[in-house]
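Please read the following briefing alongside the sequence and the coordinates, which are shown first. The points after the opening paragraph are grouped by topic.

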Amino acid sequence: MTGKEKKNANGVSAKDGGSHDDGGSDKVVLERTLGLKECIGMVMGIIIGTGIFISPKGVLAGAGGSPGLALILWVICAVISLFGALCYTELSTTFRKSGGEFTFILEAFGPLLAFLRMWTYLFIILPAVAIVQGNTIANYLTAPFFSDCEEVPIHAIRLIGIAVILALGFINSVSVKLTTRLVNILTVAKVVGLVVLIISGLIYLGRGHTEYLENAFQTSMSMNIPLAIFSGIFAFDGWESVNTVVEEIKRPERNVPLGISISLTAITVIYLMANLAYFTLLSPAQILASNAVAADFSVIALGSWSWTIWVFVSLSAIGNLLGNWFGLSRLFFVAAREGLLPNIVGMINVKHRTPIPAVVIMLPLAMIYVLFDDVIALINYMLFVIVAFMAITACIIPYYRWKHPDMERPLKLPLFVPITFILVIIFLMGLSAYTDPISACIGTALTLAGIPVYFLCVKWNKPVWIKERIVAVELSLQKFFFVVSPEKSTVSEDDGVEEAKDGGVQNGEKM
């Protein structure tokens, strides 16, 4: 080797002064490149998905068809979501590690439960969400070209969906800055789409279209407030995303809570105004019967320009998937760093400083899921499990207040915040199990299926010949992806956080 070239612990050489895409540091680490703007863009980009454009009828149905009560319930759901987001923020600024729920559960309750949380994301949720979002995007992009046909050919949908997923995977692999900038741009685009709807609604409101708001608190059907709250909270789902990348955020003790607070406040205002706009031209009965509320509204409000809403819906789905994928890839990266996934998943590309193996690890499963027609059923099965892990995570706050009362906490919430959130989430768990017990049982079974995998792949002390083959495969993949183990954690000394040792395993054994 010549000049400043050196080998790391994995035997892959890299020049100390080599340039890369996402920062100027010579060390092979995930760098702190995300500021307040990126935090806001990520949270808003993930939370504002296709739901507010297509079908916000769950809250309205639970409110008994009452527009006024529905708007109040949206505010209640926003407050509950803010409580949950702040709970996760306290945990992320206390532990100061990426990984979100996975890291919190690992630190508090050990590797098995953390593995099960990672298992559900890696093998079920993320690949299923990727396929659903990819197909959604493909449907919106192809619909104008097949207006005279009964339906778009399924093979066209699947191929375009795969192309979208691979393109987003490539972007996530080559640059952190490009990914976050694109998420920010798409966030602006989807907000612009909603603003178009809102302004249209305000114009019609000013013209006296108040027929459906005059008796705003009159119900037309039986109320189901728990169902409304359940629907509303999932419309705000995504606030936990920024906690999965806390090691890449500048001044996380400031930017994470501030970014979440600003994002949720802005989203709440946008959701309320969008729902108010819908009620200017659509009756509660029309909204309840619609599967695409924004489309029905735009046909009346925008006329020949109504097609633009579908463009905004497509951009919204792209931004949602890109942000989700970015955050969850860091969860897999941290899981490998903690010894719960193969070493290769915890490595970083020498040139781009991105965890390429952690980004692409779910692609094989996604390519299998694309062959099935009802992938969204997998997501529905996991709703009970998602809520259950939220409750487990929130319980860490009172548990750690008792177990580690003197632990440094940059953000320390009043206990009524996590306790209120825990009670609401436990209620939602019961509601989910009551309304759809079969799906709750299937989701629980799929989660528990990870237990034998954990003992086989993580805890089992494998024979030497198996270890040698694993090392050989990982070495080949390491050369293919041009990745090495990070030299240290992304948490800099300036943040006053201990550095993680290279390849260190705190829980469990390497797979």
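In this predicted model, the axes of helix H6 (residues 111–142) and helix H7 (residues 154–174) come within 8 Å of each other and cross at roughly 115°, where axes are lines fitted to C-alpha atoms, for helices over the stretch in contact, and angles run from 0 to 180 degrees between N-to-C directions. Helices here are DSSP runs of H or I with at least four residues, and strands are runs of E with at least two, numbered from the N terminus. Local features need pLDDT of at least 70 and side-chain atom pairs count only at pLDDT 80 or more, whereas totals for chains, interfaces and linings use all residues. Residues are numbered from 1 along each chain as its sequence is written, and side-chain values use heavy atoms, with hydrogens and water left out.

**Helix H6 against helix H7**

- H6 passes H7 in a right-handed crossing, a term used if the near helix is turned clockwise from the far one by less than a right angle, with anticlockwise giving left-handed.
- On the H6 side the contact (heavy atoms within 4.5 Å) is made by Ala 130, Ile 131, Gly 134, Asn 135, Ile 137, Ala 138, Asn 139 and Thr 142, and on the H7 side by Ile 157, Arg 158, Ile 160, Gly 161, Val 164 and Ile 165.
- Sorted by class, the residues where H6 meets H7 are eight nonpolar, five polar and one charged, with Ala, Val, Leu, Ile, Met, Phe, Trp, Tyr, Cys and Pro counted as nonpolar, Asp, Glu, Lys and Arg as charged, and the others, Gly among them, as polar.

**Helix H4 against helix H9**

- The axes of helix H4 (residues 67–95) and helix H9 (residues 225–235) come within 9 Å and cross at roughly 55°, and H4 and H9 are therefore oblique to each other, given that angles under 35 degrees count as roughly parallel, over 145 as roughly antiparallel, 65 to 115 as roughly perpendicular and the rest as oblique.
- H4 passes H9 in a right-handed crossing, and the residues in contact include Leu 69, Leu 73 and Trp 74 of H4 together with Ile 225, Ala 228 and Ile 229 of H9.
- The contact of H4 with H9 is made up of ten nonpolar residues, two polar ones and no charged ones.

**Individual residues and their surroundings**

- Thr 103, in helix H5 (residues 101–109), is buried with a relative accessible area of 2%, where buried means under 20%, exposed over 50% and partly exposed in between (1.4 Å probe, protein chains only).
- Once neighbours within four places in sequence are set aside, Thr 103 is in contact with Lys 97, Ser 98 and Val 334.
- Glu 247 sits in the loop between H9 and helix H10 (252–281) and is buried, with a relative accessible area of 4%; its C-alpha atom is 9.6 Å from that of Arg 330, which is 83 residues away along the chain.
- Helix H12 (residues 293–302) has Val 293, Ala 294, Ala 295, Phe 297, Ser 298 and Ala 301 buried, and just after H12 Gly 303 takes a positive phi of about 60°.
- Trp 307, in helix H13 (residues 307–337), is partly exposed at a relative accessible area of 48%, and its C-alpha lies 8.2 Å from that of Ala 295, twelve residues apart in sequence.

**The chain as a whole**

- The chain has 22 helices and four strands, and 55% of its 511 residues count as buried.
- Among contacts between residues at least 6 apart in sequence, 82% join residues at least 24 apart.
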